[in-house]
Amino acid sequence: TTPIVIIAMVEPPGSMKSMLRLLLLLQAMVVGRAHNVDPSVASFLITGESRDTVSVSLPMRRAKCTFDYVAGQPVHEKKQVKEGSQIKVEDVVQRLSGQCASGQSGYWTYEVCIGGNIRQYHGADSYMLGRYNRVEGKILKFDNGLPCDPPSNPMERKVDVSLACSDNMGLQLISEPSTCVYTMTLLTPEVCADSSFPKLMSSPGGAGGPKSDDGHEDWILQVREMENGEVVCTAFSTEQKLAGSRLSFSSFSLKLDADEDERKVANPTMKARAMGRVPLSSSEVSTERSMISHGKDFNGKLGYVEVAGTLSTAGGGAPEASASTGTAARGWFT
């Protein structure tokens, strides 16, 4: 069965994204016809302030896949925080979990992923400086990095990350005050309501600047039939292989339906990930039948979501895979 794909047509910079876009466009041209709009093929672009419901279908198997979203203001930003409030760093870490920021200092570029690792890299050279461990006061402690220079200096690298108020995420004030001991400052709007945190200006595109571009992002919605007859519905950002999705979502849902009343989706399985391929926890998602949506602890970050299942017949059995079905991968970013 030919995969059905939704393609975002806006062309962001980057050769990898350009090549992916071209491949998907060629695929859509094969599926569609020049003078007949195929309702199962569409394109959508998510911006920093948007909401929409997008659907695709697999007519041969009579399956429908629907993605509903509201992007713009993440759930945690809806809380009314008064100027002068005291902010707990532990709460900031929880809200930013899975997000990454980068900055450059001299030869090296540094990247910190909240709740994960810190690394420095240049080209193919990459060193893990530390893993997130704990909060001490207002400092994020990253320990157990790669040994400094074994065997002469087996001390493990470590990093202290402080927080500062800024309109955008980024890294600044990166230094190595002693051998293999690093300090840096994470810029984030999460602490701006607390005047005890310093305020710094971010520098987009430069050292410490955020990776996000113009706030527009290409997403793909697709439905596929696997060789065993399973139908897989996925929605994902094309940034997943690159920097990861930079959008914030207030809500989302992905649903797989059978188009006929006498059929239903059996044995559904679901998954969702934030940017950086970080799985969403059970409290961050809600599942019901063949639909997955945001949960009570969803922090607004989403990069990939999937629902899969078999279409049962009226008698309860799953139909056999069609003869034309080939071996299909679940998607480029699974």
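Leu254 stands opposite Ile292 in strand E20. Strands here are DSSP E runs of at least two residues, and helices are H or I runs of at least four, both numbered from the N terminus. The model is predicted: local features need pLDDT of at least 70, side-chain atom pairs count only at pLDDT 80 or more, and totals for chains, interfaces and linings use all residues. Residues are numbered from 1 along each chain as its sequence is written, and side-chain values use heavy atoms, with hydrogens and water left out.

Start with the sheet around that pair. E20 covers residues 291-294 and runs antiparallel to E17, joined to it by three bridges. Two strands count as paired if DSSP finds at least two bridges between them. Both strands belong to an open sheet of five, in the order E3-E4-E17-E20-E19, with antiparallel pairing. E3 and strand E19 (285-288) are the edge strands, each pairing on one side only. On average, neighbouring strands of this sheet are turned by 10° against each other, direction ignored. The axes behind that angle are lines fitted to C-alpha atoms, for helices over the stretch in contact, and angles run from 0 to 180 degrees between N-to-C directions.

Buried means under 20% relative accessible area, exposed over 50%, partly exposed in between (1.4 Å probe, protein chains only).

Val89 takes us to helix H2. In this helix (residues 89-96), Val89, Val92, Val93, Arg95 and Leu96 are buried. They lie on the same side of H2, because they cover an arc of only 165° around the axis. The arc is that of the directions from the helix axis to the C-beta atoms. Strands E8 (125-136), E9 (139-144), E12 and E14 are among the elements covering these buried residues. Gly98 follows H2 and has a positive phi, near 95°.

Next come the disulfides. The structure holds four, a disulfide being a pair of cysteine sulfur atoms within 2.5 Å. Counting bonded cysteines along the chain, the pattern is 1-8, 2-3, 4-6, 5-7.

Cys65 and Cys233 form one, with sulfur atoms 1.6 Å apart. This pair links strand E4 to strand E16, 168 residues apart. Both cysteines, Cys65 and Cys233, are buried.

Cys148 is joined to Cys180, S to S 1.8 Å. Cys148 sits in strand E10 (residues 147-149), and Cys180 in the loop between E13 (170-178) and E14 (181-188), 32 residues apart. The link is right-handed, with 70° about the S-S bond. Cys148 and Cys180 are buried.

Cys165 lies in strand E12 (residues 158-165), Cys192 in the loop between E14 and E15, 27 residues apart. Cys165 and Cys192 are buried.

Conventions: Contact = heavy atoms within 4.5 Å.
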